[in-house]
Amino acid sequence: MRQNFGNIGNAQFQHIAAREVPAPHPPQVVEVAPRTFVIQPGMANVALFETDEGLLLVDAGCAGDGPALLQTVRRISRLPLHTVVFTHGHVDHAFGLWAFLEAGERPRVVAHENLPDHHARYAKTAGLNAAINGQRPGANGRSWPSAPEDFVVPDITFRDSLELRIGGERFVVRHAKGETDDAAWVWAPQRRVIAAGDLVVGYLPNAGNPRKVQRYAEEWADAAEEMAALGADCVITGHGDCVRGSDAIREELLTMAAYLRHIVRHALDGLNAGLRPDEIVQSLAVPGHLAAHPRLQPGYDRPEFICRNVIRRYGGWWDGHAANLLPAPVAAQAHEIAQLAGGVRALAARARELADSDVQLACHIAEWAYLAEPQSQAAQECYVEVFGRRREAEPSLMGKLAFSAPHQRVAAQRATSGR
């Protein structure tokens, strides 16, 4: 968790929207260039640029990060907070500003024109987001931002780019679809510093997340190439360590772009050839020089997930198998499979037998056993055991979370049955 999300503990991880739940440790601060700082108040990084006219803050962390971020900024500088730029509207980047506003700060707030719609979607899907992100209610009773007072409305929005002049210095804000459609990054040319938000994170881009809205791998690659051409000396990342040195920055960004473009080309070639989504994903092979990059490892997302997101974007949701267009209930399918196999105990035994040689296939069989007879202790134990092994071997956080679902299902089933 710390590799992906920095200064965050279990309490804040389960209460990301709660103002009263802070990160467990004081914010870390690094001066990456003169009067230019990266602050890590919680799971996300915040960039701070001090100018003669005032401060430019890029992002504001989670809601619970607000007070500590305010104190940290004020330890660095007593100049007024002039402008805040949100790189996107995610809950870990755009919700800590309330502490500054309640303290009497009155910055102008800049964001892409899609950010208000992003936050409107948050309000519409608060229950969904709370469920898939494992969130619990805060003191206000909400598990996810949904009320008007939870959101900061931008004072200035832009479509493609916006130039800011603060203290006689030029800052360029650029739009780039990536993890979201409201993503932005900030270029400070006099300082040779980019504040990239989640467009650069030190691991494989989160361009495929299986349980979230559409991601944009192609436009993400465009942004990486645009940033690479600037000759920056430092990239302040959305999470994790910054990238330092123009050569290292260019190499990482161009490798990232090539990685994403390879996946996009593979998915589109497969769709255009009439292949099914499973055939496209199973045939994906990432070249070794891309897959081996130390800052593009699948610690959060996976190339297969990115490939599926491209397929969803261009090819819809159907998997191409005729029976799955209007399928029978999965429980009915599993029950029939269990009958053909000789019962759920036979399925569970086969799943365990396969787990050492083909855990991927074993997971299907273990899930059939559980779905066929959820109250069966043998099916429950097999389901948890086989997926537990799959989870332990899975490198991506998104995969680990998904492979934890069997444990949660069985716990809920046992609670319901009183066992």
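How exposed is R261: buried, partly exposed or exposed? I looked it up, and R261 is partly exposed, with a relative accessible area of 25%. The cut-offs I use are under 20% for buried, over 50% for exposed, and partly exposed in between (1.4 Å probe, protein chains only).

**Ground rules.** I am working on a predicted model, where local features need pLDDT of at least 70, side-chain atom pairs count only at pLDDT 80 or more, and totals for chains, interfaces and linings use all residues. I number residues from 1 along each chain as its sequence is written, and side-chain values use heavy atoms, with hydrogens and water left out.

**Salt bridges.** I noted that side chains of opposite charge can pair when their charged atoms come close. I count a salt bridge when a side-chain nitrogen of Lys or Arg is within 4 Å of a carboxyl oxygen of Asp or Glu. The structure holds 26 of them.

I started with R261. Its side chain meets that of E225 in a salt bridge, 2.9 Å from N to O. This pair links distant parts of the chain: E225 sits in helix α7 and R261 in helix α8 (residues 246–272), 36 residues apart. Helices here are DSSP runs (H or I, at least four residues), strands are E runs of at least two, and both are numbered from the N terminus. E225 is partly exposed, at 34% relative accessible area.

Next I turned to R35. R35 forms a salt bridge with E50, with the closest N and O atoms 3.1 Å apart. R35 lies in the loop between β1 (28–33) and β2 (36–40), and E50 lies in strand β3 (residues 46–50), 15 residues apart. R35 also forms a salt bridge with D52, at 2.9 Å between the closest N and O atoms. D52 is in the loop between β3 and β4 (55–58), 17 residues from R35.

Which of these are buried, and which are exposed? E50 is buried at 14%, and D52 is exposed at 60%. R35 counts as partly exposed, at 30%.

**R215.** I found R215 in the loop between β11 (193–197) and α7 (217–228). R215 counts as buried because its relative accessibility is 4%. I then checked polar contacts (N or O atoms within 3.5 Å; within protein, one able to donate a hydrogen and the other to accept it; residues adjacent in sequence count only if both atoms are side-chain atoms). The R215 side chain reaches the backbone oxygen of V213 at 3.3 Å. A polar atom of that side chain also lies 3.4 Å from the backbone oxygen of E179. Contact means heavy atoms within 4.5 Å. Leaving aside neighbours within four places in sequence, R215 is in contact with residues including H90, N206, N309 and R312.

**V281.** V281 is in helix α9 (residues 277–282). V281 is buried, at 11%. Beyond its neighbours within four places in sequence, V281 is in contact with E304, C307, R308 and I311. I also checked I306: its C-alpha is 9.5 Å from that of V281, across 25 residues of sequence.

**W317.** W317 is in the loop between α11 (303–315) and α12 (330–341). How exposed is W317? W317 is exposed, with a relative accessible area of 68%.
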